[in-house]
Protein chains: 2
Amino acid sequence: MKNAETATQLLDAAQQLVQERGYNAFSYKDLAESVGIRTASIHYHFPAKADLGVALMKRYTEGLSEALNSIDRDARSNKGKLKSFIKLYTETEARGAICLCGSFASDLETLPAVLQEAVAAYIELSESWVADTVKAGVGEAEFGFSGKARDVASMLLSSLQGGLILSRARGADQPLLPTVQRVFLKTLGAA
Amino acid sequence: MKNAETATQLLDAAQQLVQERGYNAFSYKDLAESVGIRTASIHYHFPAKADLGVALMKRYTEGLSEALNSIDRDARSNKGKLKSFIKLYTETEARGAICLCGSFASDLETLPAVLQEAVAAYIELSESWVADTVKAGVGEAEFGFSGKARDVASMLLSSLQGGLILSRARGADQPLLPTVQRVFLKTLGAA
DNA sequence: GTCTATAGGCAGATAGAC
DNA sequence: GTCTATCTGCCTATAGAC
């Protein structure tokens, strides 16, 4: 039986490294130093680096799925749901990091196929949830928006991913995501 | 005197590699094979990899500057200018690549300071040009948009950068940038 | 300007002791 | 589960011949 605690520590440290430096720019040595074990021990939990990458995306996608369920359960309005969704990214921006999925996506061509597919699945999950939420808001006359829900959903996801990347490069004193939220809600006719 | 032709070939090949695979995911060996020389010869033109990166961003930023001058000279309307600007990215999407600046930005934390600054400068150039163009369009009553020009400019850049990254991951059959353009122009009240 | 040869270090990964 | 030891290969970079 694997030691779940070490595996979790490895995933936590690896996630931070990928979100800060990128999948190709961190090594098992970096990870070993973060967690306080030797590189050879990491291979016990994740035989190859690709296995670690797949486990990261799996956990991240499950986390998103749970967060979306939470939002659907708790939020009072479709506008509130979308704001809660955007908040998931705002927290990442505050850490000066980028989305795990966005980080993998920017290294896409260097990734094994399973990992590429995991990236696509994460995007699809996000996009369909946003589109459904927009549709619901339009149907309930909460948003004045007229147009394809899929289109604004794509736009939102693109601007969140790009916003995180540009925000970090511009500096912590000029956050972009509040602006993304403002413009997006205005576009929806929900401002 | 350096052989300008080889240096240009190296920059061309390196730019493609960065836009496809990322700065940390290509090597002098890859580059040498692309151009048909030995890795040691690359060091004659670009002593360290960072020098190559800086030269890439310098050339890319100068290219943008020239493209913006061209657009300002030729376009008939502010809407036309913005469409020409977006077209610069559409061509990148068609190649299945991402923006050179976006690629560097996603690896930001692993870059030397000069390169980080070059990334920030490229973003600032783009953003201020878009904001100025939006302002002009609002002033000339071409756009119905009311709000901060800087905000929509940030939004557009974020969605273009993020759009390229997500588009590649979703697959060539579902381009995102036409959608980005449509939603953006609608937001501007220019559709 | 480009080459061969080589340095020195780090990458991911495996074998086998404990 | 974690360790030491080790492998093989690739990385950036340099020295010096041509």
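A polar contact is a pair of N or O atoms within 3.5 Å; within protein, one of them must be able to donate a hydrogen and the other to accept it. Keep that in mind as you explore this predicted model.

**Stop 1: both chains.** Show chain A and chain B together. Chain B can be laid on chain A by a turn of 180 degrees and a shift of 0.0 Å along the axis, with an RMSD of 0.0 Å. The two copies are thus related as by a two-fold rotation axis.

**Stop 2: where they meet.** Select the residues of chain B in contact with chain A: there are 42, and they touch 42 residues of chain A. Of the interface residues of chain B, 100% are also interface residues in chain A, so the copies meet through the same surface. Together the chains bury about 3600 Å², 65% of it on carbon and sulfur atoms.

**Stop 3: polar links.** Between chain B and chain A, 12 residue pairs are in polar contact. The interface also has 4 salt bridges. Zoom in on one of them, where A:Asp151 and B:Arg182 meet at 2.4 Å, N to O. Then colour α8(B), which gives the most to the side of chain B that touches chain A, with 15 residues.

**Stop 4: helix α4 of chain B.** Select residues 49-74. At 1.5 Å a residue, these 26 residues should span 38 Å, and the end C-alpha atoms are 37 Å apart, which agrees. Which helices do the buried residues of α4(B) pack against? They pack against α1, α2, α5, α6 and α7 of chain B. Among those buried residues are B:Leu56, B:Tyr60 and B:Leu64.

Note on methods:
Residues are numbered from 1 along each chain as its sequence is written. Chains are lettered from A and ligands numbered from 1 in the order in which they are written. This is a predicted model: local features need pLDDT of at least 70, side-chain atom pairs count only at pLDDT 80 or more; totals for chains, interfaces and linings use all residues. Side-chain values use heavy atoms; hydrogens and water are left out. Helices (H or I, at least four residues) and strands (E, at least two) are DSSP runs, numbered from the N terminus. The expected span of a helix is 1.5 Å times one less than its number of residues. Buried means under 20% relative accessible area, exposed over 50%, partly exposed in between (1.4 Å probe, protein chains only). Contact means heavy atoms within 4.5 Å. Copies are superposed by least squares on the C-alpha atoms of residues with pLDDT of at least 70 in both. Buried area is the accessible area (1.4 Å probe) that two parts lose on being put together, summed over both. A salt bridge is a side-chain nitrogen of Lys or Arg within 4 Å of a carboxyl oxygen of Asp or Glu. A polar contact is a pair of N or O atoms within 3.5 Å; within protein, one must be able to donate a hydrogen and the other to accept it, and residues adjacent in sequence count only if both atoms are side-chain atoms.
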